[in-house]
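Hi,

Here is the structure I promised to pass on.

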Amino acid sequence: MAWTNKQLLLCLLLVVTGSINTISTKWADTMKSENSAGEVTEFQHPFFQAEGMFIGEITCIIAFYVLRIFTRRQQAAQIEMAPLSEMELRFPKRIFLVPALCDMLATSTMYLGLTLTYASSFQMLRGAVIIFTGLLSVAFLGRKLRYFQWMGMFTVIVGLIVVGLSDFLGTGTDSDGKDLNSIITGDLLIIAAQVVTATQMVVEEKFITKYNVPPLVVVGWEGIFGFSTLAVLLVAFNYIPAGMFSGNPRGVLEDVGDAFIQLGNNPLLIAAIMGNIISIAFFNFAGVSVTKELSATTRMVLDSVRTLVVWAFSLIVKWQDFQYLQPIGFVVLVLGMCFYNDIIFLPYMRRLGWVNDEVEPTPSIDTAPSTSASVNESSRSSTVSSLAKPTPEEKSVTVEPL
């Protein structure tokens, strides 16, 4: 069945805003501005940028209630995200605290890694979340993974190795002048953050899915908790020495005052930060809508397209040079996702009679990161099968890490 204009627009919105999530964050990292010491340096404030991502998530809950009011005024049968009769708006808000803390730690770590490595590697290496999600779901949710899920996890490992190797071999020829130590450190930080992201999704599935909460409300409340917690931590970060991880003249983990001074001295930095905040909000909305209007599988395919857009953009603006292993690694990662989620290849082989196995519906964890991280992406942009994150969505049986 042909897609409607509305569906096409939602898909385009998902790809564009999802790409802007990563591109705007990396753009800010590469821009230079006069800092508090009077030196012209790059804008290296990952924790400050993470706060911007949480602001974008908070706007999702605002959008939900605006749409809810609009829908009621139009006397429609259901709201954009899901039927009102099936969604709960009364629930204990504390259930979002632990996931929000995980989201805060994962996003901050990934943004820190992004300052050290390439935007395309940042996007691709987030595929590691499949591995940790699968292992943690076995350990803490008592889930039994099927053979194709183990096969998918192994394939993803191979893809991660290829992407990491492309960074290693490409060092010394990139246009951004990055050294091997910073690139490898950035890659490792991004992979390590996926352990936290997987933990977040397992916690959400275990404790939150009992409440049928609208996905945008989930994202909004986690944004509120994440923003509030990180705002308090930023006070402590202002006094913690950070060595090579510091990008400010005082050498501390984060210097919010220095960040605002650099923003004031370079208006383009404000545009980059605002681009990240706005794209996070629209990306989360588009993710929920695409899952509702089409399917979670479509969402996964579009997220893969988003990764290609980020990679191509990085080459065009010369944030990195072409390395032939990177597209190979990307293809292997996508293949691993298809195996893990049991889509495209194995279903096709079953139809042809090449594979004869009975597949029972196995709920798996959905991530689109975010923002995330969305950044979360997002996308956070993302979450559990009945929730969403950056990059949230409604009930689904796919894992979408790219």
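Where is the place of Asp 342? Asp 342 sits in the loop between helix H12 (325-341) and helix H13 (345-351); helices here are DSSP runs of H or I with at least four residues, strands are runs of E with at least two, and both are numbered from the N terminus.

Before I go on, some housekeeping. This is a predicted model, so to speak of local features I needed pLDDT of at least 70, and side-chain atom pairs count only at pLDDT 80 or more, while totals for chains, interfaces and linings use all residues. Residues are numbered from 1 along each chain as its sequence is written, and side-chain values use heavy atoms, with hydrogens and water left out.

Most residues other than glycine have a negative phi, and most peptide bonds are trans. Asp 342 has a positive phi, near 55°, without being a glycine. Asp 342 counts as buried at 14% relative accessibility (buried means under 20% relative accessible area, exposed over 50%, partly exposed in between, with a 1.4 Å probe and protein chains only). Ile 344 lies in the loop between H12 and H13 too, and its phi is positive as well, near 70°. Ile 344 is partly exposed, with a relative accessible area of 46%.

Next, a helix pair. Helix H3 (residues 97-114) packs with helix H8 (residues 215-237) at an angle of about 60°, and their axes are 8 Å apart. The axes are lines fitted to C-alpha atoms, for helices over the stretch in contact, and angles run from 0 to 180 degrees between N-to-C directions. H3 and H8 are therefore oblique to each other (under 35 degrees is roughly parallel, over 145 roughly antiparallel, 65 to 115 roughly perpendicular, and the rest oblique).

Thr 199 belongs to helix H7 (residues 180-207) and is partly exposed, at a relative accessible area of 30%. Leaving aside residues up to four places away in sequence, Thr 199 touches Cys 102 and Leu 136.

Now the rings. A search of the whole structure finds 11 aromatic pairs; rings of Phe, Tyr and Trp (its six-membered ring) pair if their centres lie within 6.5 Å, with planes under 30 degrees apart called stacked, over 60 edge-to-face and the rest tilted. Phe 48 and Phe 260 have ring centres 5.1 Å apart and planes at 85°, so this pair is edge-to-face. The pair links distant parts of the chain, with Phe 48 in helix H2 (residues 46-73) and Phe 260 in helix H9 (residues 256-265), 212 residues apart. Phe 48 is buried at 13%, whereas Phe 260 is partly exposed at 49%. Ring pairs also bring Phe 43 into a cluster with Phe 48 and Phe 260.

One last item is Phe 283, found in helix H10 (residues 267-293). Phe 283 counts as buried at 0% relative accessibility. Its C-alpha atom is separated by 7.2 Å from that of Leu 13, 270 residues away along the chain.

Cheers

Note on methods
Contact = heavy atoms within 4.5 Å.
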